[in-house]
Amino acid sequence: APLSLLLPGIQMLSVQPDTKPKGCAGCNRKIKDRYLLKALDKYWHEDCLKCACCDCRLGEVGSTLYTKANLILCRRDYLRLFGVTGNCAACSKLIPAFEMVMRAKENVYHLDCFACQLCNQRFCVGDKFFLKNNMILCQTDYEEGLMKEGYAPQVR
(Lines give C-alpha, C1' and ligand atoms only; values in the text may rest on other atoms or scores of the structure.)
Protein backbone atom coordinates (compact mmCIF):
# COMPACT_ATOMS: atom_id res chain seq x y z
CA ALA A 1 0.00 0.00 0.00
CA PRO A 2 1.32 3.48 -0.80
CA LEU A 3 2.50 5.56 2.12
CA SER A 4 1.23 8.80 0.65
CA LEU A 5 -2.01 9.53 -1.02
CA LEU A 6 -3.21 12.06 -3.54
CA LEU A 7 -6.84 12.38 -2.67
CA PRO A 8 -9.73 12.79 -5.11
CA GLY A 9 -10.05 16.39 -4.09
CA ILE A 10 -11.83 19.17 -2.39
CA GLN A 11 -15.41 20.01 -3.26
CA MET A 12 -17.00 23.36 -2.47
CA LEU A 13 -20.67 22.93 -1.70
CA SER A 14 -23.33 25.51 -1.06
CA VAL A 15 -25.21 24.96 2.18
CA GLN A 16 -28.94 24.50 1.66
CA PRO A 17 -30.93 26.64 4.11
CA ASP A 18 -33.32 23.83 5.03
CA THR A 19 -30.63 21.28 6.00
CA LYS A 20 -29.27 20.59 9.45
CA PRO A 21 -25.83 22.26 9.88
CA LYS A 22 -22.91 19.88 9.51
CA GLY A 23 -20.06 19.69 11.99
CA CYS A 24 -16.62 20.90 10.89
CA ALA A 25 -13.84 18.29 11.05
CA GLY A 26 -11.34 21.04 11.84
CA CYS A 27 -12.90 22.99 14.69
CA ASN A 28 -15.87 20.71 15.63
CA ARG A 29 -18.30 23.66 15.43
CA LYS A 30 -21.42 23.69 13.24
CA ILE A 31 -20.95 25.08 9.73
CA LYS A 32 -23.41 27.96 9.37
CA ASP A 33 -21.61 29.61 6.44
CA ARG A 34 -23.07 29.85 2.96
CA TYR A 35 -20.42 27.43 1.61
CA LEU A 36 -18.56 24.49 3.05
CA LEU A 37 -15.79 22.22 1.83
CA LYS A 38 -15.98 18.47 1.57
CA ALA A 39 -12.69 16.58 1.69
CA LEU A 40 -11.56 13.27 3.17
CA ASP A 41 -15.25 12.34 3.47
CA LYS A 42 -15.64 15.11 6.06
CA TYR A 43 -17.02 18.64 6.04
CA TRP A 44 -14.97 21.75 6.77
CA HIS A 45 -15.29 25.52 7.14
CA GLU A 46 -13.31 27.21 4.35
CA ASP A 47 -10.96 28.60 7.02
CA CYS A 48 -10.46 25.24 8.74
CA LEU A 49 -9.17 23.13 5.84
CA LYS A 50 -5.55 24.31 5.88
CA CYS A 51 -2.12 22.94 5.08
CA ALA A 52 -0.45 21.65 8.25
CA CYS A 53 2.83 23.36 7.24
CA CYS A 54 2.12 26.73 5.67
CA ASP A 55 -1.49 27.27 6.86
CA CYS A 56 -2.68 28.13 3.34
CA ARG A 57 -6.39 27.58 2.78
CA LEU A 58 -6.52 24.44 0.66
CA GLY A 59 -9.82 25.36 -0.95
CA GLU A 60 -8.08 28.41 -2.46
CA VAL A 61 -4.95 26.74 -3.85
CA GLY A 62 -6.64 24.06 -5.94
CA SER A 63 -8.89 21.08 -5.75
CA THR A 64 -6.29 18.52 -4.67
CA LEU A 65 -4.76 17.85 -1.32
CA TYR A 66 -2.18 15.43 -0.03
CA THR A 67 -1.99 13.47 3.17
CA LYS A 68 0.79 11.53 4.82
CA ALA A 69 1.66 10.75 8.44
CA ASN A 70 -1.69 12.23 9.58
CA LEU A 71 -0.85 15.57 7.94
CA ILE A 72 -3.03 17.36 5.41
CA LEU A 73 -0.76 19.27 3.04
CA CYS A 74 -0.77 21.49 -0.02
CA ARG A 75 1.11 20.23 -3.08
CA ARG A 76 4.17 22.43 -2.49
CA ASP A 77 4.70 21.31 1.11
CA TYR A 78 3.98 17.68 0.28
CA LEU A 79 6.69 17.73 -2.39
CA ARG A 80 9.07 19.64 -0.13
CA LEU A 81 8.66 17.10 2.66
CA PHE A 82 8.08 13.82 0.86
CA GLY A 83 8.62 14.37 -2.86
CA VAL A 84 10.86 12.31 -5.05
CA THR A 85 14.19 13.92 -5.78
CA GLY A 86 16.36 13.46 -8.84
CA ASN A 87 19.79 14.34 -10.16
CA CYS A 88 20.71 17.25 -12.43
CA ALA A 89 21.71 16.10 -15.93
CA ALA A 90 24.50 18.72 -16.05
CA CYS A 91 26.17 18.56 -12.60
CA SER A 92 24.80 15.19 -11.39
CA LYS A 93 24.01 16.69 -7.97
CA LEU A 94 20.72 16.04 -6.20
CA ILE A 95 17.77 18.32 -6.98
CA PRO A 96 15.41 18.71 -4.01
CA ALA A 97 11.81 17.90 -4.88
CA PHE A 98 10.51 21.43 -4.18
CA GLU A 99 13.15 23.25 -6.27
CA MET A 100 12.27 24.82 -9.61
CA VAL A 101 13.84 22.97 -12.53
CA MET A 102 14.26 23.15 -16.28
CA ARG A 103 13.47 20.14 -18.44
CA ALA A 104 14.69 19.12 -21.87
CA LYS A 105 13.10 15.84 -22.96
CA GLU A 106 13.84 13.36 -20.14
CA ASN A 107 16.65 15.50 -18.65
CA VAL A 108 16.12 17.69 -15.58
CA TYR A 109 18.42 20.58 -14.58
CA HIS A 110 18.92 23.02 -11.70
CA LEU A 111 18.01 26.50 -12.96
CA ASP A 112 21.67 27.56 -12.55
CA CYS A 113 22.90 24.53 -14.52
CA PHE A 114 20.63 25.16 -17.49
CA ALA A 115 23.30 26.69 -19.72
CA CYS A 116 25.24 25.80 -22.86
CA GLN A 117 27.55 22.98 -21.90
CA LEU A 118 30.30 24.25 -24.23
CA CYS A 119 30.42 28.03 -23.60
CA ASN A 120 28.44 28.15 -20.30
CA GLN A 121 26.09 30.85 -21.64
CA ARG A 122 22.95 30.89 -19.45
CA PHE A 123 19.66 30.78 -21.28
CA CYS A 124 17.05 33.49 -20.84
CA VAL A 125 13.33 33.12 -21.44
CA GLY A 126 12.79 32.83 -25.19
CA ASP A 127 16.36 31.78 -26.05
CA LYS A 128 16.72 28.86 -28.42
CA PHE A 129 18.65 25.88 -27.15
CA PHE A 130 19.44 22.53 -28.71
CA LEU A 131 19.83 19.08 -27.20
CA LYS A 132 22.49 17.10 -29.06
CA ASN A 133 24.08 13.90 -27.77
CA ASN A 134 22.42 14.64 -24.41
CA MET A 135 24.17 18.03 -24.18
CA ILE A 136 22.42 21.39 -24.04
CA LEU A 137 23.89 23.79 -26.61
CA CYS A 138 23.29 27.40 -27.51
CA GLN A 139 22.41 28.15 -31.13
CA THR A 140 25.96 29.32 -31.97
CA ASP A 141 27.68 26.18 -30.61
CA TYR A 142 25.04 23.94 -32.17
CA GLU A 143 25.50 25.51 -35.63
CA GLU A 144 29.32 25.42 -35.30
CA GLY A 145 29.06 21.72 -34.48
CA LEU A 146 26.92 21.16 -37.57
CA MET A 147 29.49 22.95 -39.75
CA LYS A 148 32.31 20.79 -38.37
CA GLU A 149 30.27 17.72 -39.24
CA GLY A 150 29.62 19.01 -42.75
CA TYR A 151 25.97 19.84 -42.18
CA ALA A 152 26.30 23.59 -42.67
CA PRO A 153 22.93 25.23 -43.17
CA GLN A 154 22.40 26.66 -46.65
CA VAL A 155 22.57 30.46 -46.64
CA ARG A 156 20.66 32.11 -49.46
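How exposed is Glu46, by relative accessibility? At 24% relative accessibility, Glu46 counts as partly exposed. Buried means under 20% relative accessible area, exposed means over 50%, and partly exposed lies in between (1.4 Å probe, protein chains only).

This is a predicted model, where local features need pLDDT of at least 70, side-chain atom pairs count only at pLDDT 80 or more, and totals for chains, interfaces and linings use all residues. Residues are numbered from 1 along each chain as its sequence is written, and side-chain values use heavy atoms, with hydrogens and water left out.

**View 1. The whole chain has two helices and 12 strands.** Helices (H or I, at least four residues) and strands (E, at least two) are DSSP runs, numbered from the N terminus. From that end, the order is β-β-β-β-β-β-α-β-β-β-β-β-β-α. The chain has 156 residues, and 25% of them count as buried. Its accessible surface comes to about 11100 Å². Carbon and sulfur atoms hold 50% of that surface. Such areas come from the Shrake-Rupley method with a 1.4 Å probe; for residues, only the protein chains shown count as cover.

View 2. The score is pLDDT, the predictor's confidence in each residue, from 0 to 100. The chain averages 82, and 88% of the residues score at least 70. Over residues 1-7, pLDDT stays under 50.

**View 3. Arg57 sits in a salt-bridge network.** Side chains of opposite charge can pair when their charged atoms come close. A salt bridge here is a side-chain nitrogen of Lys or Arg within 4 Å of a carboxyl oxygen of Asp or Glu. The structure holds five. Arg57 pairs with Glu46, with the closest N and O atoms 3.8 Å apart. Arg57 also meets Asp47, at 2.5 Å from N to O. Glu60 is another partner of Arg57, at 3.0 Å. Shared partners join Glu46, Asp47, Arg57 and Glu60 into one network. Arg57 is partly exposed at 25% relative accessibility, and so is Asp47 at 45%. Glu60 is exposed, at 56%.

**View 4. The largest nonpolar core has 17 residues.** A nonpolar core is a set of buried Ala, Val, Leu, Ile, Met, Phe, Trp, Tyr and Cys residues joined through side-chain atoms within 4.5 Å. Ile10, Trp44, Leu49, Leu58 and Leu65 have the most contacts inside this core. Strand 3 (35-39) and strand 6 (71-73) each supply at least two of its residues. Strand 3 gives the most, with three. Contact means heavy atoms within 4.5 Å. Beyond four places in sequence, Trp44 touches residues including Cys24, Ile31, Leu36 and Ile72. Another core, of 11 residues, lies apart from the largest one. Its members include Val108, Phe114, Cys116 and Cys138.

**View 5. His110 is buried in strand 10.** This strand spans residues 107-110. The relative accessible area of His110 is 12%, so this residue counts as buried. Leaving aside neighbours within four places in sequence, His110 is in contact with Cys88, Cys91, Lys93, Leu94, Ile95 and Glu99.
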